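Visitor: I am new to this structure. Could you show me how to read it, one feature at a time?

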Amino acid sequence: GGLQVEFTDDGKPLEEGVIEAAKGEGGADHPGLGLFLARVILRAWGGDLVAGPGPRGRGARVTLTLTAPSRTK
């Protein structure tokens, strides 16, 4: 089990380089640094962050995935 939260916007698209930076392909001066850092933190806890174009190719979509902690003993 876990939780998935999706934010969508069909307005202005993400700036150039934001999606690449969120995937870890950008540097410290890229506009997607915040998404990249959020993804690193989520992955450390077993989750993930995916950024991409919004509905119908317009705007933006960011999906956060959090997994439930395992309860195995």
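**Reading around a glycine**

Guide: Let's begin with one residue in this predicted model. Beyond its neighbours within four places in sequence, G47 touches L42, T65, L66 and T67.

Visitor: Where is G47 found?

Guide: Look for the loop between α2 (33-44) and β2; G47 is found there.

Visitor: How many residues apart along the chain are G47 and T65, and what separates their C-alpha atoms?

Guide: They are 18 residues apart along the chain, while 5.1 Å separates their C-alpha atoms.

Visitor: Is G47 buried or exposed?

Guide: The idea is to compare relative accessibility with a cut-off: under 20% means buried. G47 has a value of 13%, so this residue counts as buried. Across the protein, buried residues make up 22% of the 73 residues.

Visitor: Which residue is the bridge partner of D48?

Guide: That is T65, in β3. Strand β2 (residues 48-53) and β3 run antiparallel and are joined by six bridges. They form a hairpin with six residues between them, and R56 in the turn has a positive phi of about 55 degrees.

Visitor: Which strand is joined to β3 by eight bridges?

Guide: Strand β1 (residues 2-9) is joined to β3 (residues 60-67) in that way, and these two run antiparallel. As an example, L3 stands opposite L66 in β3.

Visitor: What pattern does the protein follow along the sequence?

Guide: Reading along the sequence gives β-α-α-β-β, with two helices and three strands. As for contacts with a separation of 6 or more, 48% are between residues 24 or more positions apart.

Methods
Residues numbered from 1 in each chain as written. Predicted model: local features only at pLDDT ≥ 70, side-chain atom pairs only at ≥ 80, totals over all residues. Heavy atoms only, no water. Pairing = 2+ DSSP bridges. Helix = DSSP H or I, 4+ residues; strand = E, 2+ residues; numbered from the N terminus. Buried < 20%, exposed > 50% of the residue type's maximum accessible area, 1.4 Å probe, protein only. Contact = heavy atoms within 4.5 Å.
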